[in-house]
Amino acid sequence: MNKIVFLFVLALAVAGCVNQKKETAVEAEPEAVVLSVDELMDQAETLAGSEVTVKGTVMHVCQHGGQRCFLMGSGEEIIIRVEASEEIGTFSQEQMGSELEVVGIFKEVKTDAEAHNPGEEQGGEADEETGEAHQQIANAQETQEVEYYIQGIKATEVKPAESPE
Amino acid sequence: MKLRKFLRNWHRDIGYLTVGILLIYGISGIMLNHQHDFNPDYRIFVYEFSADVSPKASYSKDEVKKMLAEAGREVVYKKHYMNSQGFIKVFIENGEASINPQTGEGVMRYLQRRALFFEMNQLHRATVVKTWKWISDAFSIMILFVTISGLFILKGKYGLKGRGWWLTLAGFLAPLFFMIFYI
C-alpha cells in the first residue's frame with residue numbers, strides 16, 4: 001500500500017516537472033506586433049490562417065465552462081471570438097471588462113462545427129443580461145460577411161496604466 | 001481464493017485513495033447538472049439604483065464613476081461604452097452595470113465565486129492546467145478498478161451470482177433507457 005502511495009506521488013511530481021519544463025522552453029520568443037480588434041478585422045483576409053497577437057476588451061465569457069470569450073474593439077459591433085485551448089484552460093467571468101492580449105491562430109469559420117451561436121446551443125438564456133450579450137454577439141456576427149475566430153494559444157490580462165487624476 | 005483476496009485488498013486501498021476525487025466529482029456533478037437552473041460557479045447579486053444623469057452622446061470615466069457611486073456599493077470601475085441601445089454599459093471588478101441615460105435608472109450585476117464549488121467545478125470540467133488531465137485520467141482508471149473489482153469481492157448470496165447481478169442490472173437500466181429513447 002505504501003508503495004502505491006509513493007508511486008502515485010512520484011508520478012504527480014514527475015508530471016508537474018515535465019509540464020514546467022515544457023512551459024519554460026516556450027517562453028523565449030521575439031516580440032510580436034499587437035493588433036487591436038479593429039486592425040485585425042480590417043486585415044482579416046490577409047491574416048486568415050496566421051498566428052496573431054490581438055488585444056481587446058472582454059465583453060462576454062461563455063458561462064458554461066468558460067471555453068470561449070469575445071473581445072470587443074472600438075464598439076460592440078466589432079468583436080472576435082476566442083476559443084480557449086488546453087494551454088489557456090478556461091476564461092473566467094471575472095475577466096469581463098478586462099483588457100486581454102491573446103496569441104492564437106486567426107481562422108475563418110468554414111464549417112458548422114466551427115461556427116458558434118451561443119443562445120441556441122445553450123438551449124435558451126439563463127438570465128436577461130446573458131441573453132442581451134448573446135443578442136449583441138449575434139447582431140455583430142450578422143454584419144460580418146465572413147465570420148472569423150481565434151484559436152487561442154495564450155491569453156494574458158493587461159493591467160491598465162494608472163492615469164494621473 | 002487468492003484472486004479474491006488480492007482484489008479485496010486493492011479495492012480497499014485504492015478505494016481510500018479515490019474518496020477525495022469522488023467527493024469532488026459527485027458534488028460538482030450535482031452543481032453542473034443544474035447549470036441551467038442556477039450558475040454553478042458564481043452567486044449573482046442584482047442591484048437596482050438611480051443615478052443623476054444628463055442624456056448626451058458620451059460620458060467620461062469620472063462621470064461614470066460618479067454614477068456608480070450613487071449605487072451605494074463599493075465597486076472598482078474597469079471600462080465603459082455606449083451600447084447600441086444608447087445605454088451606458090459599465091464593466092466593474094467582478095460584475096457589470098447598465099445605466100439608462102434618459103431615466104437615470106441603473107442595474108448592477110455583481111458576481112461572487114461560490115467558495116469550493118467554483119474550484120471543484122473547474123476540476124470536474126478539467127479546465128485547469130494540462131497536467132490535471134493526466135492526473136484525472138489516473139484517478140478515473142482507479143475508479144474503474146474499484147468499480148469492477150467490487151463486483152467480484154463477495155461470494156454466495158450477496159455476491160455477483162446472488163443478488164449482485166440483479167442490482168447491477170438495475171443500475172444499468174436507467175442510463176440505458178435514456179440512451180435508447182432520448183439520445
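Modeller: Asp38(A) is partly exposed, because 16 other C-beta atoms lie within 10 Å. A residue is buried with 20 or more such atoms within 10 Å of its own C-beta, exposed with 12 or fewer, and partly exposed in between, with C-beta atoms placed from the backbone. This is a predicted model: local features need pLDDT of at least 70, side-chain atom pairs count only at pLDDT 80 or more, and totals for chains, interfaces and linings use all residues. Residues are numbered from 1 along each chain as its sequence is written, and chains are lettered from A and ligands numbered from 1 in the order in which they are written.

Biologist: Which residues is Asp38(A) in contact with, leaving aside neighbours within four places in sequence?

Modeller: Contact means that two C-beta atoms, placed from the backbone, lie within 7 Å. For Asp38(A), those partners are Gly73(A), Ser74(A) and Ile78(A).

Biologist: And how should I read pLDDT for chain A?

Modeller: pLDDT is the predictor's confidence in each residue, from 0 to 100. Chain A has a mean of 78, with 67% of its residues at 70 or more. Residues 21–26 of chain A stay under 50, with zero contacts beyond four places in sequence.

Biologist: How many residues of chain B are in contact with chain A?

Modeller: 25 residues of chain B, touching 24 of chain A. By class, that side of chain B has nine nonpolar, nine polar and seven charged residues. Here Ala, Val, Leu, Ile, Met, Phe, Trp, Tyr, Cys and Pro count as nonpolar, Asp, Glu, Lys and Arg as charged, and the others, Gly among them, as polar.
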